[in-house]
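Me: Got a model open here and want to go through a few pieces of it. Can you take my questions as they come?

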Amino acid sequence: MNNFLDNINSLYYFQSELLICLGILLLLIFSVYENAAYRAFNITITVLSLSLIATFYLIFDQTLDSGFKFLFLGSIVIDFYSNFFKVIFLFSVISIVLLSYNNSEVKKEDWSEYYCLILISTLGMFLMASSLNLLMIYIAIEMVSIPSYMLAGFNHDDKSSNEASMKYVLYGSFASGLMLFGMSWLYGQAGSLYLNDIGMYMMNSNQFEFTALISFILLFAGFGYKISSAPFHYWVPDVYQGAPAPVTAFFAVAPKLAGFALLIRFLYTTMAQLNLSTLAIESIYVDWNLILAVLSAFTMTIGNILAIRQEDVKRVLAYSSISHAGFIMMGFAVISFEAVSHMLFYMVIYSFMTLGAFGVLIALQNKYSIKSIDEWNGVGYVHPMICALMVLNLLSLAGLPPTSGFVAKFYILASIIESKTFYWLAIVAIINTVIALYYYFNIARSMFLETDFKKKYETLDKIPVYIISIASIQGIIFYFYWAPLYNVIQRLFS
């Protein structure tokens with residue numbers, strides 16, 4: 001088959017990843033020189049930008065037969081789905097790199113190592129979105145996780161940062177062990193590491209229903225840890241609080257979405273099939289849509305209820321990210337490509353509004369070292385424009401009109417209601433949306449309804465302000481003009 005390429009011919013379609021590898025090598029080489037900080041920053045931005053251009057080039061490349069190519073003898077695939085996620089990852093990582101510029105928690109003398117770890121993690125996320133082989137999936141997850149452990153503890157002088165790194169390592173190692181055990185079960189049943197072979201085996205086999213369920217549960221331990229789903233969410237608040245603020249923003253967006261990209265591909269390749277009699281996609285053996293629907297309800301409820309009790313803004317946003325993971329997981333309750341497209345739409349909107357909210361936190365914390373909600377009292381009168389954008393992001397995170405967050409939640413809820421099976425999940429989601437209003441508006445209240453800001457005025461850095469403005473303005477743009485983005489996502493399954 002001409003869609004299966006050998007190692008040499010695969011390199012042409014692997015150009016985005018190769019550029020990232022080149023950037024990693026350059027950072028390692030130049031890190032030994034003195035005054036390498038700004039050189040490292042320039043290399044990182046250049047490599048990420050070139051990788052983004054290469055990804056767009058492949059999206060419009062006419063040589064992609066039927067829209068996809070299997071690279072390296074079927075280990076990974078390059079298709080519109082993987083390229084779509086690569087664009088999201090690259091935009092997110094570029095934003096994080098810019099937000100890290102002149103940040104007090106990331107020292108300039110450490111920039112080479114810092115950006116190198118981010119690029120390694122980015123390469124792992126690319127592979128997570130493209131992998132079709134269990135071994136490649138494990139390598140990709142670890143390529144994201146191991147640099148993340150070091151990034152969480154990158155603020156060496158801060159005990160909470162060291163604690164965050166240690167907790168991340170412990171939770172991550174345990175989840176990886178369970179995931180490997182689940183992979184061994186799948187391999188033992190199907191006799192293959194390739195997802196397509198595993199899917200074909202499960203379609204044609206009439207036994208091993210129980211072992212398939214065990215395999216799914218063990219594998220979801222690894223996937224659930226990456227997307228911070230309950231009950232694998234316990235690491236999130238402490239790690240997010242202890243890690244440097246730009247690293248926290250990175251964790252909240254890119255690796256989380258990479259986990260969803262991998263989970264969607266895994267489930268729809270190995271544990272779902274097309275029923276030719278009804279032309280509907282159905283689960284094989286494992287009723288994973290019910291399992292994930294229950295976990296979705298628990299995840300969003302735990303995230304929202306625990307967020308109410310938090311006094312640290314970073315912890316509030318950490319529990320908010322858990323809640324939004326639960327909302328995205330609602331799409332798994334319905335097995336259809338339309339539900340997947342609604343999840344992808346939600347992920348794009350989530351990445352913008354989360355980057356915008358964390359951008360404001362990074363800018364203010366960098367200048368004023370304010371962490372608790374009480375310390376934000378009156379900051380809206382000192383920096384009205386930035387804080388107004390923060391309110392816009394909070395409204396979008398809460399899912400209120402007129403913001404893009406409302407459109408995203410509407411599509412997710414529409415998937416559930418149209419399925420006519422999980423009405424209870426829609427009710428849980430609506431109740432959780434109401435609960436979320438309290439802690440989101442508590443931050444807004446602190447900024448604009450209190451007047452006793454106790455810090456001396458300082459001018460915010462321009463680069464974070466630009467990033468905040470670009471990420472936040474989508475809250476209005478995609479409320480009125482969401483159709484072009486939705487149509488692009490629909491093309492994935494056309």
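Me: Strand S2, residues 76-79: which residues are on each side, and are they buried or exposed?
Reply: This is a predicted model. In it, Ile-76 and Ile-78 lie on one side of S2 and Val-77 and Asp-79 on the other, and all are buried.

Me: What is the bridge partner of Phe-68 in S2?
Reply: Asp-79. S1, residues 68-71, pairs with S2 in the antiparallel sense, over 4 bridges.

Me: And which residue in the hairpin takes a positive phi?
Reply: Phe-72, near 50°. The hairpin has 4 residues between S1 and S2.

Me: Switching to H14. How many residues, and what span?
Reply: Helix H14 covers residues 337-368, which is 32 residues. From first C-alpha to last it reaches 46 Å, close to the 46 Å expected at 1.5 Å a residue. Just after the helix, Ser-369 has a positive phi of about 55°.

Me: How many of its residues are buried?
Reply: 28 of the 32, so H14 is mostly covered.

Me: At what angle do H13 and H14 cross?
Reply: Roughly 180°, with the axes coming within 11 Å. H13 is residues 313-329. The two helices are therefore roughly antiparallel to each other.

Me: Which residues make the contact?
Reply: From H13, they include Leu-317, His-324 and Phe-327. From H14, Tyr-346, Met-353 and Leu-361 are among them.

Me: What's the split by class?
Reply: The contact of H13 with H14 has 12 nonpolar, 3 polar and 1 charged residues.

How values were computed
Residues are numbered from 1 along each chain as its sequence is written. This is a predicted model: local features need pLDDT of at least 70, side-chain atom pairs count only at pLDDT 80 or more; totals for chains, interfaces and linings use all residues. Side-chain values use heavy atoms; hydrogens and water are left out. The expected span of a helix is 1.5 Å times one less than its number of residues. Buried means under 20% relative accessible area, exposed over 50%, partly exposed in between (1.4 Å probe, protein chains only). Axes are lines fitted to C-alpha atoms, for helices over the stretch in contact, and angles run from 0 to 180 degrees between N-to-C directions. Angles under 35 degrees count as roughly parallel, over 145 as roughly antiparallel, 65 to 115 as roughly perpendicular and the rest as oblique. Contact means heavy atoms within 4.5 Å. Ala, Val, Leu, Ile, Met, Phe, Trp, Tyr, Cys and Pro count as nonpolar, Asp, Glu, Lys and Arg as charged, and the others, Gly among them, as polar. Two strands pair if DSSP finds at least two bridges between them.
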